[in-house]
Amino acid sequence: MIKSFLDRKDLHTLSPESIAYLASMEVIERKDPLIAEALKKELDDQRNSLKLIASENYSSLAVQLAMGNFLTDKYAEGHPFHRFYAGCDNVDTIESVGCALAKKLFGAEHAYIQPHSGADANLIAYWAILIKRIEEPFIESLGKKNVAALTDDEYEQVRNEFASQKMMGMALDAGGHLTHGSRVNFSSKMMKSITYGVDAKTGLLDYKKIEEQAIKERPAILIAGYSAYSRLIDFSIFREIADKCGATLLVDMAHFAGLVAGKQLTGKYNPVGYADVITSTTHKTLRGPRGGIILCTEEFAPFIDKGCPYAIGGPLAHVIAAKSLAFSECLEPAFETYAANVIKNSKAMAAAFLEKGKVLISGGTDNHLVLLNVEESFGLTGRAAETLLARCGITVNRNSIPGDINGPWYTSGIRLGSAALTSRGMNEADMHKIVEIICRLLDAAEPLEGSKAKVHIADLLVKKTKMDVKELLSGYPLYPEIL
């Protein structure tokens, strides 16, 4: 017999969010105990590990609860007040409120908050840019009304023109994202992909080289943004480069959107006002639900709003509700303090590694992440380091580094981020303790002969590391309101 949470003696002290969460878990457990058990186990795992994955965070219980609502049952293809289905009045209200909040949060001219993910956001943005640049002028030149009015031969001409366009983004091993032109991704298959890297010695962007390359290649889309680059980007320079080569400037700020929203990246380091189109996720430093958004100038708005039918079908209206709630949370003064602390903690982490003589790509950080060369620092592959750390309750992800000798599977680096632990309340002193724990463990690890993934490590050290992690976490309980 399942014991109801209503029997708790401390029920009167719980917050409404806590009661709602506990009630939902009880409902799930009564329907399927195995699913409920896995959900509880995930919460336990997150509570009992140091989450250093730069692309993850902890959203509020309110944001999580906002995803479990009746909007799950709605189809709402189209955009606010322009749907292909009847009965979308409430979706229109919620989505239009969310768009208004996103515009206010970032100071953008237009917001589109339907993308299911950052990859979806980029796919929609690419098609919107190509349609604006290629398809629309072609239709107008023929004096026709829309793409449906084109003959088969005319449409084939447009389609071939799409495929001949070039996109130029940061290479994967330099810190870019798969959707910025990787050969294994759709981005390099829908257009010709040109990539730029970082300086081999400094690990920094070389804007002069990027400009020379862009002028030579003349891409239709120039992408700025990253997945694993620990420095700031000067978007005023990228704007100049885009203007010189005739490109549309797209900024992917998935990783640092929260630092922009929290007013820590300002002026030339804030892409709003420089980029034509900006894409992002909502679940990293922005601390919202898993999903994507697109910001753009009014010039691109009519094209961006057609994510359906370009690439997505029915938007996830229940997630849009949670995104909207997250934007509202980000507009609170406390979020600026949070964003500032994310950077402080990341810088403290980098300083601690450098004090121990470890090698960081670019020599440090200006944002929320640190990229550690574990091959040079410890003689380990990224996969070996990732696996050993996870065994001890420290979650990171292995990551390629510029000129990686171990390839994209094993890698020579690990990426560490401060966003999640900052959400738990950790500070700069805690970052130094974490680096001490990591270095003590990895320094003692010896690669097993013939394996790039396994190491020899003393059981006593693993046990001590687990105890140190547990002690550190005890001061920062996760979701303490539902303990």
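This is a predicted model: local features need pLDDT of at least 70, side-chain atom pairs count only at pLDDT 80 or more; totals for chains, interfaces and linings use all residues.
Let me begin with the pockets. The largest pocket holds about 840 Å³ of space, and its lining is made up of 26 residues. If you want to find its centre on the screen, look for Gln46, Ser59, Gln64, Met67 and Tyr479, which are the lining residues that lie nearest to that point. Three helices each give at least two residues to this lining, namely helix H1, covering 16-31, helix H2, covering 33-47, and helix H3, covering 61-66.

Sorted by class, the lining of the second largest pocket contains 13 nonpolar, 4 polar and 7 charged residues.

Now to the charged pairs. In general, side chains of opposite charge can pair when their charged atoms come close. This structure holds 24 salt bridges, and I will take you through a few of them.

One of them joins the side chains of Lys40 and Glu29, with 3.2 Å from N to O. Because Lys40 sits in helix H2 and Glu29 in helix H1, this pair ties together parts that are 11 residues apart in sequence. Lys40 is partly exposed, at a relative accessible area of 31%, and Glu29 is also classed as partly exposed, with a value of 22%.

Another salt bridge is formed by Asp366 and Lys347, whose closest N and O atoms are 3.4 Å apart. Here Lys347 belongs to helix H14 (333-355), while Asp366 lies in the loop between that helix and strand E11 (369-373), so that the pair links distant parts of the chain, 19 residues apart. Asp366 is partly exposed, with a relative accessible area of 22%, and Lys347 counts as partly exposed at 38%.

The loop between H14 and E11 also carries Lys356, and the side chain of Lys356 meets that of Glu436 in a salt bridge of 2.7 Å, N to O. Glu436 is found in helix H19, residues 428-444, and the two partners are 80 residues apart. Lys356, at 37% relative accessibility, counts as partly exposed, and Glu436 is partly exposed at 38%. There is also a network, in which salt bridges that share partners join Arg83, Asp92 and Glu95.

Let us return to helix H6. How far apart are the end C-alpha atoms of H6? They are 19 Å apart, which agrees with the 18 Å that its 13 residues should span at 1.5 Å a residue. Within H6, the residues Glu154, Val158 and Phe162 are buried. Seen down the helix axis, the buried residues of H6 fall within an arc of 85°, and therefore they line one face of the helix.

Finally, the backbone. As background, most residues other than glycine have a negative phi, and most peptide bonds are trans. Which bond joins Cys308 and Pro309? It is a cis peptide bond, with omega of about 25°.

Phe81, although not a glycine, has a positive phi of about 65°. Phe81 is placed in the loop between E2 and strand E3 (82-83), and at 62% relative accessibility it counts as exposed. Arg287 likewise has a positive phi, near 65°, without being a glycine. Arg287 lies in the loop between strand E9 (277-281) and strand E10 (292-296), and it is partly exposed, with a relative accessible area of 22%.

Conventions. Residues are numbered from 1 along each chain as its sequence is written. Side-chain values use heavy atoms; hydrogens and water are left out. On a 1 Å grid over the protein atoms alone, a cavity is a set of points where a 1.4 Å probe fits but cannot get out, and a pocket is an open set with protein on both sides within 12 Å along at least five of seven lines; lining residues have an atom within 4 Å of a point. Grid points are joined across faces, edges and corners, and a volume is the space filled by probe spheres set on the points. Helices (H or I, at least four residues) and strands (E, at least two) are DSSP runs, numbered from the N terminus. Ala, Val, Leu, Ile, Met, Phe, Trp, Tyr, Cys and Pro count as nonpolar, Asp, Glu, Lys and Arg as charged, and the others, Gly among them, as polar. A salt bridge is a side-chain nitrogen of Lys or Arg within 4 Å of a carboxyl oxygen of Asp or Glu. Buried means under 20% relative accessible area, exposed over 50%, partly exposed in between (1.4 Å probe, protein chains only). The expected span of a helix is 1.5 Å times one less than its number of residues. The arc is that of the directions from the helix axis to the C-beta atoms.
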